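Reader: I have a new structure open and would like to talk it through. Can you take my questions as they come?

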Amino acid sequence: MRNITLPATRADVADLKLGDMVTLSGPIVVTAGIPTHHRIIDCIENGKPTPIELEESAFFHLGSYSRETENGFEILYMNPTTSTRFNDLMPRIIRHFGLRCIGGKGGLDAECARALGEVGGVYLSFLGGGAPIISSAIRRIRQVAWDDLISHYRLVELEVEALGPLTVAIDAQGRSLYQDIDETAAAKRAGILEQLARQRAATQ
């Protein structure tokens, strides 16, 4: 399994293939909030900087269970959230910031895959139900922004070491494992329905 040091360059991810498994070490930015994405879009539209730098960053749809302590914000565990919830917002964010790595669970749609192909970025699928493994990669919290939002909606920059295993599900050319699976299932659908119809007719 290949470990990628962040921040990654376009060349670092260019040769990753669908189904490859990687780990990541370095800074990542995480959030699970749709309001957070709307604030990022507002920054883009109004020419304002985001409170945490996103240019060519690793940006992940990860939620966390956190608490405020006397020493600051503490993440108790972290888990992926469904990326498809952000399908309408992500193409603009991907293209504006040239995001290098995106991740979460459930994938992203065809327009997001096209945007990743344009900027040379990849989508990495997290292990479902793997919160203990994912959380163990956190080394420290680098920054927390928009703390008026509930904790897992905030924009948080973390330092991670060997975060993963993560599966390359959309590559830097815009090819998508999710689209491949959908096309394979669609190709088999007619035959399966025909077989079921024959079986039903035989039992009548």
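Reader: How many helices and strands does the chain have?
Author: The chain has six helices and eight strands. Both are DSSP runs numbered from the N terminus: helices are H or I with at least four residues, strands are E with at least two. This is a predicted model, where local features need pLDDT of at least 70, side-chain atom pairs count only at pLDDT 80 or more, and totals for chains, interfaces and linings use all residues. Residues are numbered from 1 along each chain as its sequence is written, and side-chain values use heavy atoms, with hydrogens and water left out.

Reader: In what pattern do they come along the sequence?
Author: The pattern is β-α-β-α-β-β-α-β-α-β-α-β-β-α.

Reader: Which way do β2 and β8 run?
Author: Strand β2 (residues 21-31) and strand β8 (residues 155-170) run antiparallel, joined by eight bridges. Two strands pair if DSSP finds at least two bridges between them. Gly 26 stands opposite Val 160 in β8.

Reader: And how many bridges link β7 to β8?
Author: Six, with β7 (residues 138-145) antiparallel to β8. Here Gln 143 faces Glu 157 in β8. Strand β6 (residues 122-125) also pairs with β8 in the antiparallel sense, over three bridges, and Ser 125 is opposite Thr 167.

Reader: Switching topic: how much of the chain is buried?
Author: Of its 204 residues, 47% count as buried, meaning under 20% relative accessible area with a 1.4 Å probe, protein chains only.

Reader: What box do the C-alpha atoms fill?
Author: Roughly 70 × 35 × 35 Å, taken along the principal axes.

How values were computed
Buried means under 20% relative accessible area, exposed over 50%, partly exposed in between (1.4 Å probe, protein chains only).
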